[in-house]
Amino acid sequence: MKRVIKHVTVLGSGIMGSGIACHFANIGVPVLLLDIVPRELNELEKKNKLTLEDKTVRNRIVYSNLQKAIKSSPSPIYHSSFVNRIAVGNFDDDLEKIKNSDWIIEVVVERLDIKKSVFEKVEKYRKEGTLVSSNTSGIPIHLMTEGRSEDFKKHFAGTHFFNPVRYLPLLEIIPTKDTSKEVVDFYMHYGDLFLGKTTVLCKDTPAFIANRVGVYSIMNLFHNVKELGLSIEEIDKLTGPVIGRPKSATFRTSDVVGLDTLVHVANGLKNSCPNDEKNNEFLIPDFVSKLMENNWLGSKTNQGFYKKIKNEDGTSEIHSLDLNTFEYNPIKKVSFATLENTKSIENLSKRYEVLINGKDKAGEFYRKIFGSLFAYVSHRIPEISDELYRIDDALKAGFGWEHGPFQIWDYIGVEKGVELAEKENSPVAEWIKEMVSVGNNSFYKVNLKGKREYYDVASQSYKLIPNQDNFIVLDAIREQKTVWSNSDVSVLDLGDGILNLEFHSKMNSIGNNVIIGINKAIDLAEKEYLGLVISNQGKNFSVGANLMMIFTLAVEQEYDDLYIAIKQFQDTLMRIRYSSIPVIACPHAMTFGGGCEVTLHADKVVATPETYIGLVEFGVGVIPGGGGTKELTKRVAQSFVKGDVEINRLREAYLTIAMAKVSTSAYEAYDTGIFEKGKDIVVVNRNRQIAEAKKQALLLAEAGYSKPISEKFKVLGKNAMGMFYVGSDQMVAGNYISEHDRLIANKLAHVMTGGNLSEPTMVSEQYLLDLERETFVSLCGERKTLERIQYMLTKGKALRN
């Protein structure tokens, strides 16, 4: 049966319900969002003489919840216009409309009796074959279908999204014994392909997979924090990015999620898992109980493990809680010798070994938490999952871990992990010992075809991780498929005649080695291959040009060298544009400055929704110098049609650069002109990005790709330049910008209008590139520009530390 989702109903409009509704709207699916009818009027409704029968009153709860979600930061919606895909209503008046839906998702309060009551009403109106699911985070799925029809049970499962729905990619699929295989397969496939989720098949066990292991990890840490004599800020330093976890780490995350939520899940696990060998770890520690008694629940009550303190001078600062005195104190700088030893280790997988061998408290801490974690996950197979890779997938996608527990264990070494666990009096499961005894010393390996395999406990053999044909994991193929590399880039063979150029410089910044790598990749592709993909799977695509290199050349007044460096960068990006093979760029996350310019010059863009892209050079006192200014000017000129007020069209591009606009999603990049409709595409699941880019490169090659021809385009000349000058003068007069900002703005206008041209003129790309380059170098000679660059370098170093 071919199943197509044309319409979805979401029952319940709280944080999760509204988030789920917004995410379906994000992917183009119309949504009906329903909630309860208010029981009484609020003061405003009374003032306006409304009654409980008025539609605005009856839909007040659902409407206000949706508006609150849309206005929240970060936003749950990719583009403001997508909200129009969501209709609202209430359970009393609109439940019969679910007959038009292909999927009904329940997201009401976490009470079994209420959920069962809702499903009883749903069954009256749903058409046969309609999918029904629950977003419960802990109620046993099989209990919800008691009394329901055979068709209902066949199409029912748990679909557990994680909050915030847009940003956390985990979707746990929890079938019952009655759920049909076709329905399970559909949920898994649809969640991956259309919703962009990491879909993880779970057993119907308490808290499923991610929360079972993730909450254990937090509670284990809570029980150890006082014993190790570590402060809250020390724990958060030790459990953040240094081990591949989110910056919010442990205690900040608890504050954001809400301590009451964490306690609720922990209590549920304590009561529901009496046979769990670590059941006592789910007991609530005294300091957490005291926080609950004080109602210090975190962000929702304005204090928890952290609290924002206002000073007498009006400034504010964050203080942390002392767990012994229960007083808030200024946050102290955290320093451990073990962490200092890892600063030069960019590769996270190489960092774990250093961390567990530390001789200070940090080393002791890592040995304890990793040993306990390894033992715990070993005993969860086959209880919560038959396949170990699902546990890793769930923790990475649901808790933001860069590596799952079995991956970390591999990096540390299986036998070393067993030793750590035993030292914590937490022996590992027998299957681990059996695995090691027959010479299997890793949970994962890469086969000769570059495909990842996992150790299957039941068969005691390695099996392919499914669905890899849709994903290309660079880590898995790098060792076998690298064609050429230097310290900052690698060129990999993706197969079928397509190369991949991967940046791996610091923050994927663009310096001389990257420029060399781009040219080498194009050389190789033009000689022996069909196309080139520029992609990486780092945290960010590229934060832009290497500012330190620019700063050094400018400070030392090596302007000729700077001029040559910018010329090389421009020439390289023009080579991307005018090579004889198709080039596909794959931006994701931060794609700033030079990274954006690389994207602008590709034949096609395959972006992820979470692409934050923009020409941000204005913020450091220069204009885009790698062809970004030229390219936006050219795109505007090529869009001119008869009757256009051309200066207005140019002004939009000018403001995109002058305001250093950065899109908050890939869809917003179409508004700024950085992505082009009809050419550039968005792939919802980042895991599929490179495979899709490879496919697009092959399509262009097989369609008979030919080298583009550079054509002249229209610039508007001095009259338009004068209008921009007047605008910047007015901004200075109104104290909106500084004199230095005016200088940059006027130089930008000078380039975008074609320089000293008395009238509108057709010019070549090279003409504008020359103007762009000269302007960039001249601005680097300004003291204020150097001060801005130095500030950005200092800020970047502080953030990395």
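Helix α1 (residues 15–26) lies across β1, β2, β3, β4 (103–106) and β6 (156–161), running at about 170 degrees to β2. Contact here means heavy atoms within 4.5 Å; axes are lines fitted to C-alpha atoms, for helices over the stretch in contact, with angles from 0 to 180 degrees between N-to-C directions. The model is predicted, so local features need pLDDT of at least 70 and side-chain atom pairs pLDDT 80 or more, while totals for chains, interfaces and linings use all residues. Residues are numbered from 1 along each chain as its sequence is written, and side-chain values use heavy atoms, without hydrogens or water.

**Sheet and helices**
- Eight strands form an open sheet with mixed pairing, in the order β3-β2-β1-β4-β5-β6-β7-β8.
- Because β3 (86–90) and β8 (198–201) at the edges each have a single partner strand, one side of each lacks a neighbour in the sheet.
- Strands (E, at least two residues) and helices (H or I, at least four) are DSSP runs numbered from the N terminus, and strands pair if DSSP finds at least two bridges between them.
- Strands β1 (residues 8–11) and β2 (residues 31–35) run parallel, joined by four bridges, and Val-8 stands opposite Val-31 in β2.
- Helix α6 (residues 112–125) lies across β1, β4, β5 (131–134) and β6, at about 170 degrees to β5.

**Cavity lining**
- Three lining residues, the largest share, come from α26.
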